[in-house]
Amino acid sequence: MTTTDPVSTTTAPDPGTPPVSVRREALYFAVRNGKLLVGATIVGIFLLVGIIGPFFYDQSPMAYVGQPMLPPSAEYPFGTNTFGQDILAQFVYGVRSTFEVGLLGGGLAAIIGMLVGFVAGYRGGLVDEILNMFTNVVLVIPTLAVLLIINAYLGIRSVAMQALLIGLTSWPWAARAIRAQTFSLRGRDFVDLARLSGVRTGRIILREIAPNMSSYLFMTFILLFGGSILIASSLDFIGLGPTDGVSLGLMLNHANQWSALMLGLWWWFVPPGIGITAIVGALYVANVGLDEVFNPKLREL
Amino acid sequence: MTLSVQDLRVYYRTLRGEVKALDGVSFELADGEILGLAGESGCGKTTLGKSLIRMDGRMKHVGGRVELDGEELPIGDTVKMNPFRFTEVSIIPQYSMSAMNPTRKIGRMVRELLDSRGVTVDTEELHRRLDLVELDRDVLKRYPMELSGGMKQRMVMVISTLLNPSLLIADEITSALDVSTQKAVVTTLKGFRDLGFVKSMIFITHDISLTNQLADTIMVMYAGKLAEKAPSDAVVNRPRHPYTQLLISSLPEVGVRYADKKLTGIPGNPPSLLDPPVGCRFQDRCPLAFDKCREEPPVVEVEKDHYVACWKA
Amino acid sequence: MRQYFGRKLFIYGLTFFVAVTVNWLIPRFMPGDPVASMVARASISQPEAVAAMQAYYTDLFGLDQSLISQYFNFWAALVTGDFGISIWAYPKPVADVILGAVPYTLGLMIPAILLSWLVGNWAGALAARRKLLDNTVLPVGYILTATPYMWIAILLCWGFGVVLGVLPVAGGYSFALQPSWSWEFIGSLAQHWVLPFASLFLVALGGWAIGMRNMIIYELEADYSNYLAALGAPHRLIRRYAFRNAVLPQITGLALQLGVLVAGALVTEIVFSYPGIGSLILKAIQNKDFFLIQGTFLFIVLGVLIANFIIDVVYVVVDPRTRAGMAGAST
């Protein structure tokens, strides 16, 4: 959530080239792009940890399993916290909920962003004016502040609820970027042709416009994914995380709240931070790689 | 003689190998001559234009030499080439609409550009040239986005020719314009030559009929090589190369462009320049092709000033 | 230009209106009796506070009044600066509590934002098209921008505060001191300011550097750059134009990033127990002090709107096209 709508600063895809050869070419460059490979590998490893990891624990990650404040050892590779909870167990569950928040929150934001962006860009006129104003209002309101007040009033919070709220508030820049892209595609011959042959608006957007910017949409989703993770971790840290689960942000919250720093329990607050940074950073780097793959201008020779 | 190009070869570096976009082209351009450069997309005409002033990062000067007014142009060396740019060789780019910095007033941009080249602005001369292309002198106090498309085009034409270059390259400058504006541009370019603002000119275009109105000589290229070069009248009325003949006959009327579409009259596509065929590059599409075409046809002067690269010519 | 500002102010006005309405609506969205549930969930030590809260909520939610008049009363209270009474800092009014914290947050944020913007743009511009630098600036930038603010804060706090012990780790000034205009106090303020500032600065830096690098590369490949190069203009001139044109979207980016930067400042303050808005929010959440939460929400929205407007003014000064009566800025 830190870079300024990074997609719009990169070059736009060039529609109009035949899709088959473009796809083959994209694949050719994809398997040769270091940034994409490194990023995707790191994300993949963490994804595996999040999917498989929790199966190794039959107890809840919140269970008090051992002595408090144990440094990393063979039995507890990441040590235990002041309550004697297994930090590795919390970590693998936390990675899982991190992906959940990213997928759900980023996915929802991408869907809303696409809907608003497509309709505003394709319809233009008054519809565009109104949607644009709406987008600008949501854009200006600080996301975290809104989430803060909503979450504060919600008594019981879940990962899904958190993701829902993040998705509902973090779509504006995506909508704006997609609107601009749609706007430039609207005047193309193939869209005109579809319109003249009486194809309905929804179908034109789905069949003609969306496929022609699919790589762009995918990259937007990745950035929203990473952004959702960062917002969620901030909420968790303030103490507005899921009340029924564990997450990397909550681990940081607990570590901070229970003086892990003063007690020197570095194994409590280092892993969750590395987890978030690595996942989000790898997503961003993979995204740069994707950009180079899809945009011939950026390819290095 | 203004320009002499000898066996020029410029390749593009790509991941899959070298694309031989310009593969041994020779021609000469006399003082006061306007050369029309025609051919399909990818025939090497834009590559030739770029090579003469500024190659982009992927282009590589593989061989051949270029002389301008008897002096060799270091076209492969972007730094050494710099003193020649603008003063000796200049260009009107395809992208006139976006060629000027959007956040500078035009007058200031021109001044900064000239300052950077160590030339002081001759305001009177600048004004005279603006009058000539019927631009209000006020445009210098405006931002590019305040000008219409046609005004921007004329402004760029004035800027590019301000230092009276020996050679002006006009790269597809008419493709985005309507017919009447095209005519105006062509007239202006002729005027620039007649007034001595430019000594000679290479006019690159898709539109062979428009070339005919402006150019003294027309050069037709195919797949990185010269196909035919002759006085305009000869190319249009008595073409000798089968490719030129098909090109001309596929033009139904004056003003109709064949643009990027492949020629309807000529089946097939131009060969891949990654690994071009041995011999004549047009052989696969040529209706007249015979065994001999497997050997490369030399460029022959079939009559005075009329050069053709074809065994049948 | 008037139209440009008119549009902007309209959007900001609308945003403020929406924010206030959301603020008013949310407590009423809660299922059940809001007064009872809030009083029940508030963990208050002082009995007077309970009574005050009860009275305040009853008054605010005014069950005997119509929704419309409740809504107008809410606005009326707001205009007179009445945000209610804080539960956590009873019996201080919320507005006073917030105003006491604002200087700390601003003192942290403004230098961090401006400096990270300047240094980030400078680093990004240097990196663009210089292979060696690019290969260092880019990865470092991406790591920084992917780092959660609080984690950098925790690491700095742990490293410099706990392990090395060279800088204080908590508070806005030494607990032994009373706020005063003495050198001792100012020195203590500065000491406590360094680490929170550094964490904010570092994370924000990465984003600006990457943004600037990408923008400059884009501008260096723009048609006007190619044209200048073809006419033999020196690199210096082309880079100067590209830099100037690339800075413009970065200014707009500053406005877009404000929300994120505020969020970053809040969590950073929490790590360092820095007495700004962030720590206030943590206290409010822990004490279920809803007036305080709602008050800080409005203050943050207001602050962001004002900052947005300042950025708009700066943009008009920097981008000549907006002054020439053109729609230069689309945001």
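Tutor: Happy to, and let's begin with that term: a salt bridge here is a side-chain nitrogen of Lys or Arg within 4 Å of a carboxyl oxygen of Asp or Glu. Please keep in mind throughout that this is a predicted model.

With that cut-off in hand, look at R7(C) and E129(A), whose side chains meet in a salt bridge with an N to O distance of 3.9 Å. The pair counts because 3.9 Å falls within the 4 Å of the rule. Between chain A and chain C the count is one salt bridge. Polar contacts across this interface also come to one residue pair, with both residues at pLDDT 80 or more.

Now to the side of chain A that touches chain C. The elements that give two or more residues to that side are α5 (125-140), α6 (143-153), α11, α12, α13 (260-263) and α14 (266-294) of chain A. Of these, α14(A) gives the most, with twelve residues. Sorted by type, the residues on this side of chain A are 32 nonpolar, 16 polar and six charged.

As for extent, the contact takes 54 residues from chain A and 62 residues from chain C. Together the two chains bury about 5200 Å², and 77% of that is on carbon and sulfur atoms. The size of an interface is often given in just this way, as the accessible area lost when the parts come together.

Chain A has 14 helices and zero strands, and its C-alpha trace spans about 75 × 45 × 30 Å along the principal axes.

E292(A) forms a salt bridge with K35(A), and their closest N and O atoms are 2.8 Å apart. E292(A) lies in helix α14 and K35(A) in helix α3 (residues 34-52), both of chain A, so the pair ties together parts that are 257 residues apart in sequence. Over all chains, the count of salt bridges comes to 32.

The structure holds seven cavities of 30 Å³ or more, and the largest cavity has about 80 Å³ of space. Its lining takes at least two residues each from α4 (87-123), α11 (214-240) and α12 (248-257) of chain A. Here α11(A) gives the most, with four residues. Among the lining residues are S97(A), T98(A), Q162(A), I229(A), D236(A), L248(A) and I276(A). By type, the lining divides into five nonpolar, six polar and one charged.

To return to where we started, R7(C) and E129(A) form the salt bridge, and the side of chain A that touches chain C has 32 nonpolar residues.

Definitions and conventions
Residues are numbered from 1 along each chain as its sequence is written. Chains are lettered from A and ligands numbered from 1 in the order in which they are written. This is a predicted model: local features need pLDDT of at least 70, side-chain atom pairs count only at pLDDT 80 or more; totals for chains, interfaces and linings use all residues. Side-chain values use heavy atoms; hydrogens and water are left out. On a 1 Å grid over the protein atoms alone, a cavity is a set of points where a 1.4 Å probe fits but cannot get out, and a pocket is an open set with protein on both sides within 12 Å along at least five of seven lines; lining residues have an atom within 4 Å of a point. Grid points are joined across faces, edges and corners, and a volume is the space filled by probe spheres set on the points. Ala, Val, Leu, Ile, Met, Phe, Trp, Tyr, Cys and Pro count as nonpolar, Asp, Glu, Lys and Arg as charged, and the others, Gly among them, as polar. Contact means heavy atoms within 4.5 Å. Buried area is the accessible area (1.4 Å probe) that two parts lose on being put together, summed over both. A polar contact is a pair of N or O atoms within 3.5 Å; within protein, one must be able to donate a hydrogen and the other to accept it, and residues adjacent in sequence count only if both atoms are side-chain atoms.
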